[in-house]
Amino acid sequence: MSNSIQSVLVETRVFPPPQDFAKQANVSGAAGYQALLDEADQNPEGFWGRMARENLQWTKPFTQVLDESRAPFYRWFGDGELNVSANCLDANLKNGNANKIAIIFEADGGEVKKVTYQQLHDLVCKFANGLKSLGYKHGDRSIIYLPMSIEAVVAMQACARLGITHSVVFGGFSSKSLHERITDVGASLVITADEQMRGGKAIPLKPAVDEAIAMGGCEAVRHCIVYKRTGGKIAWDAKRDIWMSDLADKQSPVCEPVAVNAEHPLFILYTSGSTGKPKGVQHSSGGYLLWAKLTMQWTFDAKPSDIFWCTADVGWVTGHTYITYGPLAAGMTQIVFEGVPTYPDAGRFWKMIQDHKVTTFYTAPTAIRSLIKASEANAAHHPKSYDLSSLRLLGSVGEPINPEAWMWYHTNVGGERCPIVDTWWQTETGGHMITPLPGATPLKPGSCTTRLPGITAAIVDETGGDVEPGHGGFLVIKRPWPSMIRNIWGDPDRFEKSYFPSELRGYYLAGDGAQCDKDGCFWIMGRIDDVLNVSGHRLGTMEVESALVAHELVAEAAVVGRPDDTTGEAVVAFVVLKRSRPEGDEATAIGKQLRDWVAKEIGPIAKPKEIRFGDNLPKTRSGKIMRRLLRVVAKGEQVTQDVSTLENPAILDQLSKPV
């Protein structure tokens, strides 16, 4: 692990919670927030026990809140039993939400389909009964490889209803990635689609499943259930393959939920490690669902009248917690969308907010930055060309948001009236950990602000000792919490070494460098391995990126380090401008301008040694910038890693040319 980060961009702009918002908020004002903090800090088990009893329906009540006897393999509510699907669906039928719209689905081509809680319940039960008819039961494991759809939510909920542990694989992953996950998790069932639609194009899914199974080692897979999304031509194995509609349509719409232990693995979700094969992050049923529901109520101030829209894909943890489970457990109406934000044009997000009267909008900084560029290129696609008056709350997820992108979001999308919840969390944490509460927390552009009740976040040094405000270090969580990762599937040693290193006193190590300012606000500075050491000075890549994006010419930037004989490490910046990509002398001139700007904003030590301009940055289809590939490009090496998950692999060639 590297040493601490020593500096952060100074941010003096502060936005208090709007008075009208605070008055109606689920957690209102500083006093409301402090009361929850105090209860959780002074009596953690009492706090979590109360939350679990008040927010979840248990078929067998728990008597023990936390079992620490095998730390860090913690058990929460370990003698209790419940069913996650029943808490999401049956609970809404009982409380009067049966005829409330649960999901508004908008397809890639703009077609809209709506389902009520009763209809969603029936779809889930019919599919679950279909799975039962094939012999699938509690303890089995499934791979779900589906496009964004109501059917994806149905498949996940049906697995939860039967106690089948699911592992969702993002539809952009290759057959090799799929094979790794099928074999590692030991899946006996695969649920997929013939094709998915993305930007007006049909992209095959089932052929990747066929290829993965053909690689060998997948003998446990007995059935492949296929959702007919496009009707595109696919190969068919009559012994293994079944159409989803053929399996489910004639089944009964009543399926009793299977009660499972609170610690039963609800899902395993694979996330890339800095080295080695992907890690299967294992999550529980009870603790995970509790936090999914609580963070909906706290972070998103969930109200019965809300139309909630999280733009993530269910292939990522954001789509698990804030599409498939959290909003349904909270009884909300939500948007699920298929496609990309720029098709049929770059105004799609704003048109959807306008058409569906969205009140809460949760998206990624990458999407925001790309739409800034698009809206400045064409005024017709600017948010101000649409009626966004229904919005009352905005959110950001996936990576730290640059202060200037935050300000654009606040002004142009939120109309300067909507709080922005900038949420820090991870696949491993299950839900939000550090985030503003919109009715209680003063906002600082670029900061995820303060910890949620019950989350003992802190900044420490290499020995686990607390560091002073304004000094950088490692972000840790000092005490366990209910939605935390339970294990790395099949690899407990890696779990302990990765997340609970002994040199940090057994605290949970997030893997992020961060610092806390004098007001107690957290600033995430990037992954520990994204901390640069330039001539002995520690620089967070996020710090340099924020400085670059604050320049009026820059739409987006990604910063990595590369070895340098003189300085140890050199800063390499990949930059997308708000205008066309410069070349030749013009590129040299703009490059110098940006270097000087970074020197002025942070200091001469932070000046990029190289700036490379591109039409875009290499991103996964979920919008995540692939910085590990940029590190390879910056070193002048050949990219040999799998790039099948990239939206735009050709961009790597363009970015390989320095200015």
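Two strands count as paired if DSSP finds at least two bridges between them. In this predicted model, local features need pLDDT of at least 70 and side-chain atom pairs count only at pLDDT 80 or more, while totals for chains, interfaces and linings use all residues. Residues are numbered from 1 along each chain as its sequence is written, and side-chain values use heavy atoms, with hydrogens and water left out. Helices (H or I, at least four residues) and strands (E, at least two) are DSSP runs, numbered from the N terminus.

- In β29, alanine 570 is the bridge partner of arginine 562.
- Ten bridges join β28 to β29, and these two strands run antiparallel.
- The two strands form a hairpin, with three residues between β28 and β29.
- From β29 the chain crosses through helix α17 (residues 584-601) to β30, and this β-α-β crossover is right-handed; that is, with the strands pointing away from the viewer, the path from the first strand over the helix to the second runs clockwise.
- Strand β29 (residues 568-577) and β30 run parallel and are joined by four bridges.
- Two pairs on this side are valine 572 with its bridge partner glutamate 610 in β30, and phenylalanine 574, which stands opposite arginine 612 in β30.
- Together the three strands form an open sheet of mixed pairing, in the order β28-β29-β30.
- Its edge strands, each pairing on one side only, are β28 (554-564) and β30 (610-613).
- From one strand to the next, the twist averages 25°; axes are lines fitted to C-alpha atoms, for helices over the stretch in contact, and angles run from 0 to 180 degrees between N-to-C directions.

**Helices across the sheet, and burial**

- Helix α13 (residues 365-377) lies across β28 and β29 and runs at about 125° to β28, where contact means heavy atoms within 4.5 Å.
- Helix α18 (residues 627-634) lies across β28, β29 and β30, at about 55° to β28.
- Eight of the ten residues of β29 are buried, so this strand is mostly covered; buried means under 20% relative accessible area, exposed over 50%, and partly exposed in between (1.4 Å probe, protein chains only).

**Nonpolar cores**

- A nonpolar core is a set of buried Ala, Val, Leu, Ile, Met, Phe, Trp, Tyr and Cys residues joined through side-chain atoms within 4.5 Å.
- The largest such core has 141 residues, of which Leu120, Phe127, Leu131, Trp298 and Leu475 touch the most other members.
- Helix α6 (residues 150-162) gives the largest share of this core, ten residues.
- A second, separate core has 31 residues, including Ile307, Met352, Leu371 and Tyr386.
- Not counting residues up to four places away in sequence, leucine 131 touches Tyr136, Ala158, Leu162, Ile164, Leu189, Ile225 and Leu247.

**Annotated binding site**

- An unreviewed UniProt entry places the feature "binding site" at Arg198, Gly199, Gly200, Lys201, Thr318 and Ser535.
- These positions span 338 residues in sequence and their farthest two C-alpha atoms are 49.0 Å apart, so they do not all gather at one spot.
- UniProt positions are given in the numbering used here, feature names are shortened, and annotations may be inferred rather than shown by experiment.
- Lysine 201 is in strand β10 (residues 201-204) and counts as exposed, at 60% relative accessibility.
- Serine 535 sits in the loop between β26 (531-534) and β27 (537-540), and is partly exposed with a relative accessible area of 42%.
- Neighbours within four places in sequence aside, serine 535 is in contact with Thr567 and Ile605.

**Backbone features**

- Alanine 71 and proline 72 are joined by a cis peptide bond with omega of about 5°, and proline 72 is in the loop between β1 (66-67) and β2 (75-76).
- The peptide bond from tyrosine 343 to proline 344 is cis, with omega near 5°; proline 344 lies in the loop between β17 (333-337) and α12 (348-356).
- Glutamate 416, a residue other than glycine, has a positive phi near 60°; it is in the loop between α14 (403-413) and β20 (420-422) and is exposed, with a relative accessible area of 54%.
- Arginine 505, a residue other than glycine, has a positive phi near 65°; it is in the loop between α15 (492-499) and β24 (508-516) and is exposed, with a relative accessible area of 53%.
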